[in-house]
Amino acid sequence: MPYLLRRFLQSLTLLFVLVSFVFVVGRIIGDPALIMLGTSATETALDQLRENLGLNEPIWRQYLVFLGDLAQGDFGVSFRYGFSMMPSDALRSEGTPVLPIVLERLPATFLLAGTALVFAFALAVVLGCLAAMYPRSWIDNLVNVISLASVSVVQFWLGLILIIVFSVQLGLLPTGGYGSWQHLVLPALTLAARPLGRISQVVRSAMLDELSRPYIAAARAKGVPEWRVVFVHALKNASIPIVTITGDELSQLLTGAMLVETVFAWPGVGLLLIDSLGRRDLPMAQAGICVVAALVILVNLAVDFAYTVLNPRIQMDNRGGRA
Amino acid sequence: MREMHPSQTTDATPAPLLEVRDLRVSFDTPHGLVKAVGGVSWTLSPGETLGIIGESGSGKSVGLEAIMGLIKSPPGHVAGQVLFEGEDVLTMKESRRRQLRGEKIAMIFQDAMSALNPALTVGTQIAEVYRLRRRCSQTEAERKAVELMDRVKIPSAKSRVRCYPHEFSGGMCQRVMIATALALNPLILIADEPTTALDVTVQRQIMTLLADLQREDGMALVLITHDLGLVAETVDRAMVMYAGRVVESAPVSALFDAPSHPYTRGLIRSMPRIDGASGALHAIGGTPPAAGRMPRGCAFHPRCTHRIDRCRAERPALRPVAPRHTAACHLVEEMTHD
């Protein structure tokens with residue numbers, strides 16, 4: 001079976017397992033009707049609502065209906081947006097579908113994660129290369145401290161500290177919200193910390209490895225300038241572990257955005273997801289998680305593609321797994 | 001008569017292209033300072049072929065890396081003088097030295113497969129410095145790469161210029177390395193055991209190629225090797241190194257006909273011969289000293305069958321044996337008349 005087709009089928013299976021898991025967990029964490037109507041609601045009202053939402057059906061039947069709808073690209077309607085006390089049939093046809101709402105939030109998340117990743121990646125490559133060029137020097141030590149600190153720091157804590165310093169005390173940047181580049185700076189910085197640290201560590205060790213290889217001495221011997229030795233000869237060979245960790249970090253960013261979006265009131269998928277879970281808007285949460293999961297899977301596939309471009313020795317058709 | 005002593009070059013004609021004076025290389029290690037090369041002097045004339053012979057660890061490669069300015073400091077320390085056309089390579093600016101590399105002095109390595117970058121096409125690597133120095137276009141560089149590949153006799157160069165090193169055999173990789181070295185028409189080509197990693201028939205092809213190229217371009221060749229057969233066939237003058245020092249230096253015919261140092265004699269006697277096919281090969285007893293534990297006196301004395309008390313106490317200097325023939329042994333007079 002061609003490699004790509006195999007990878008695609010693996011991804012589909014993974015998505016199916018994930019969706020089922022989310023469905024089951026969503027029905028364990030608490031009663032949506034109780035959240036929606038409050039603890040003072042009468043048992044009759046609660047029961048009526050459960051009936052309307054289809055939650056009184058046996059779970060296996062709910063699951064089959066859910067899968068059937070999903071196969072047609074229907075994630076269901078929101079328990080919250082445009083919701084009224086209608087019987088379940090009317091609710092299904094007249095309620096607000098969740099998928100468009102989730103997709104509407106995507107660009108904001110992309111903007112945030114993309115900015116954070118570009119910033120983290122560029123800085124990490126420069127820092128990692130510098131550290132590898134001068135091992136055990138003060139530069140190396142400094143890079144080490146920066147990367148350890150930025151990996152270890154807790155994201156929401158860093159976000160709050162940045163808000164206190166730059167928004168509250170210095171008044172330079174808004175505390176949260178969306179609209180201009182000023183709104184983007186603090187959340188993007190917060191989100192960039194972790195990938196910056198992890199990528200720069202990988203860049204450093206991969207580059208140290210490559211810089212000690214014979215072809216580097218050969219390149220120097222033939223008179224290639226040092227910047228080219230490092231950034232063309234060595235970096236191209238070090239790129240596979242770097243791309244792997246970057247792809248990994250991108251998946252983490254999409255999910256890590258949830259916390260950061262909440263701290264900075266950034267209207268992305270993450271904030272929507274946290275909101276939906278809090279309000280037990282199960283269809284919305286399911287759609288959100290599915291979309292994020294699909295994105296993560298897509299990123300991993302893209303990383304696999306990148307390998308073949310970066311390393312001419314890897315061919316698409318004769319590989320078992322990741323190199 | 002030309003020079004009597006490799007370091008006395010004032011009376012040498014023609015002017016040497018490269019002159020190495022008392023080159024010393026040492027490294028900081030956890031066990032203290034370790035000397036890899038201890039005061040080596042030699043000269044290279046234009047168009048000449050010099051062979052440097054020695055076992056692994058005798059300091060032959062390290063010495064040449066020092067000449068190319070490739071020893072990282074720290075932990076390396078390089079002292080002495082390396083004069084290229086009168087200019088000291090060791091004290092010049094790195095930018096000037098880099099210009100010298102490739103343009104004037106090129107180097108090829110033992111294991112071509114690992115000395116080529118696996119992620120760049122051979123064409124890119126062959127014409128890389130040409131493109132950088134001559135500031136030409138990508139197409140022009142590729143044309144040059146094909147031309148160079150033709151020169152080193154890589155078949156169907158045009159269709160293979162965009163291949164990667166892993167698509168080539170070991171011998172073909174060595175040809176690619178040679179093409180890379182030739183890109184800027186250097187005056188000196190340093191070949192560090194260019195055939196060690198290849199099988200015998202391919203070795204022969206590579207050496208023929210190097211000899212042809214040298215004849216065409218008139219460049220000087222420094223051949224580092226432990227293969228005496230290779231030396232006998234290709235070089236004009238040979239230098240034998242032991243434990244980081246030169247022990248004997250002579251025109252190649254003199255070296256094989258009248259070896260003066262016990263170590264050289266041992267090396268030559270341990271070569272298999274096609275005529276005197278009698279029994280086991282001769283071997284030099286013992287092992288070369290580790291770089292950190294040099295014996296006092298002559299470094300070879302623990303393995304030498306001729307040693308006298310003086311060898312233990314005093315290191316012999318290089319002394320003239322015959323015109324252009326020097327050896328570092330206290331018993332050199334007795335040895336030559338043996």
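The structure is a predicted model. The table sets out the computed values for the two spans.

| Span | Distance between end C-alpha atoms | Helix | Strand |
|---|---|---|---|
| Residues 106-303 of chain A | 21 Å | 84% helix | 0% strand |
| Residues 18-268 of chain B | 28 Å | 41% helix | 27% strand |

**Domains of chain A**

The domain assignment divides chain A into domain 1, covering 3-98, and domain 2, covering 107-318. Between the C-alpha centres of domain 1 of chain A and domain 2 of chain A, the separation is 34 Å. To the contact between them, domain 1 of chain A contributes 21 residues and domain 2 of chain A contributes 18 residues.

On the side of domain 1 of chain A that touches domain 2 of chain A, the elements giving two or more residues are helix H1 (3-26) and helix H2 (32-37) of chain A. The most is given by H1(A), with 11 residues. Classified by residue type, this side of domain 1 of chain A, which touches domain 2 of chain A, comprises 14 nonpolar, five polar and two charged residues.

Methods:
Residues are numbered from 1 along each chain as its sequence is written. Chains are lettered from A and ligands numbered from 1 in the order in which they are written. This is a predicted model: local features need pLDDT of at least 70, side-chain atom pairs count only at pLDDT 80 or more; totals for chains, interfaces and linings use all residues. Helices (H or I, at least four residues) and strands (E, at least two) are DSSP runs, numbered from the N terminus. Domain bounds come from an automatic or database domain assignment. Two residues are in contact if their C-beta atoms, placed from the backbone, lie within 7 Å. Ala, Val, Leu, Ile, Met, Phe, Trp, Tyr, Cys and Pro count as nonpolar, Asp, Glu, Lys and Arg as charged, and the others, Gly among them, as polar.
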